[in-house]
Amino acid sequence: KRAASDPTSHHQQSVGSLTMWTILIVGMTAFCALATLLPFVPFAHGAIRIFDFGRLQIAGLATMTLIGAVWVYPSPAPTVYAISLLILIAILAVQGFYIARFTPLWKKQSASYDPASHKKLATISLFVCNVKQSNQQYKKVTDLIDLYDPDVIILMETNQTWVDAVSQTLVTQSHQISCPQENSYGIFLASKWSIKEGGVQFMLNPEIPSIHCRLSLDHGHDIDLIAIHPDPPVPHADTIGRDAEILLAGTYASKRTHPFIVTGDLNDVAWSDTTRRFLRLSQLLDPRQGRGLFNSFDARIPFLRWPLDHIFHSTEFELESLKRLPFVGSDHFPMFYRLALVSDANNTPPPEATHEDMQEAKTLIKKEEKRLV
């Protein structure tokens, strides 16, 4: 006869299994809680600011942990499980608040252009892409440019090889500003519209160029444009340089005398404190709000993506089109934007900048200026 099973052994296995699940759930809960709380620490360092990026991923991890906790929830429930469930729900609420801004649940900042409601004064379309300097798939980029035929092309991480590969294929975008570099901070602009003034500037860091120019559109309408690519956050260094450059661009925009656009790979996510402060300072609009995330990085890893490539525009514009374009061999997807310059735009501007916003911007900009002297 088969020996009777030992109920004590089954109980020990069950307890052991439950303990393993408990350790896993508590550990994942603690990680998600830490990753959620760290962005609130007012310390401009890559080891802190990097947690701004993965809100979608943290929310996903917290959701899976919550499902796992409910699935193995013991009866009667120990306090540790109840606390874990409450913490996970709070994590999802916090992350959801930031993410919801970039879903159709939120009110749009940039109104959608309706030709029946507004008179269009001019249109500008932009193709913006960090091509990745080491990427050699030039034709994928130029084919997309040919397909969309943008008024303005802005490329980042362009060395001379990239400039040569793109320039020789351009037919209509004959007005160009270029600063090729071998340090992954080269930048290139080509435009159908004439460039009335402007060129390359080094806003703060002598190794990181940006482009500032005034374009002359249809019927004598001029617009100002800044294209930037500040340095990314890294775990071993502060983010003062990145934050200061973004906020300095916002300061320029706040003093505008013409319709204004800021675009590029900002190496910052759309929901970060820095980007939101930039919007309040500049009073520019983010067309992603109320529409979608349009995650542009990392193009190679589907589950590690966030919105790094942006366009912000002044209230004289409404949005006609916003697209993330196909993979071109870079770690960034190209972005395509079409804006309508209208006579009576119906946008929702961001909140006004506070005294704290202005002081924080001045402090970071001065710190970076002193460090680079």
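Author: Valine 200 stands opposite isoleucine 211 in β6. Two strands pair if DSSP finds at least two bridges between them. Helices (H or I, at least four residues) and strands (E, at least two) are DSSP runs, numbered from the N terminus.

Reader: What are the ground rules for the values?

Author: This is a predicted model, so local features need pLDDT of at least 70 and side-chain atom pairs count only at pLDDT 80 or more, while totals for chains, interfaces and linings use all residues. Residues are numbered from 1 along each chain as its sequence is written, and side-chain values use heavy atoms, with hydrogens and water left out.

Reader: Back to the sheet. What order do the strands take?

Author: The order is β5-β6-β7-β8-β9, an open sheet of 5 strands with mixed pairing. β5 (194-201) and β9 (309-313) stand at the edges with a single partner strand each, so one side of each has no neighbour in the sheet. Neighbouring strands are turned by 15 degrees against each other on average, direction ignored. Axes here are lines fitted to C-alpha atoms, for helices over the stretch in contact, and angles run from 0 to 180 degrees between N-to-C directions.

Reader: Which strands does α7 touch?

Author: α7 packs on the sheet and touches β6, β7 (222-228) and β8 (260-265). The direction of α7 makes about 175 degrees with that of β7. Contact means heavy atoms within 4.5 Å.

Reader: And how do α7 and α8 cross?

Author: The axes of helix α7 (residues 240-254) and helix α8 (residues 273-282) come within 8 Å and cross at roughly 15 degrees. The two are therefore roughly parallel (angles under 35 degrees count as such). The crossing is right-handed, meaning that the near helix is turned clockwise from the far one by less than a right angle.

Reader: Which residues meet there?

Author: Among those in α7 are Arg242, Ile246, Leu247 and Ala253; they belong to a set that meets Thr274, Arg277, Phe278, Leu281 and Ser282 in α8.

Reader: Asp357 next. Where is it, and what does it touch?

Author: Aspartate 357 is found in helix α9 (residues 355-371). Its relative accessibility is 2%, so aspartate 357 counts as buried. Aspartate 357 touches Arg277, Arg280 and Leu281, not counting residues up to four places away in sequence.

Reader: Different topic. Why is β2 largely enclosed?

Author: 5 of the 5 residues of strand β2 (residues 152-156) are buried, so the rest of the structure largely encloses it. Both faces are covered: Val152, Ile154 and Met156 lie on one side, Ile153 and Leu155 on the other.

Reader: Which strands pair with β2?

Author: Strand β1 (residues 120-130) pairs with β2 in the parallel sense over 5 bridges, and valine 128 stands opposite isoleucine 154. Strand β4 (residues 187-191) pairs with β2 in the antiparallel sense, also over 5 bridges. There, methionine 156 stands opposite isoleucine 187.

Notes. Buried < 20%, exposed > 50% of the residue type's maximum accessible area, 1.4 Å probe, protein only. Parallel < 35°, antiparallel > 145°, perpendicular 65-115°, else oblique.
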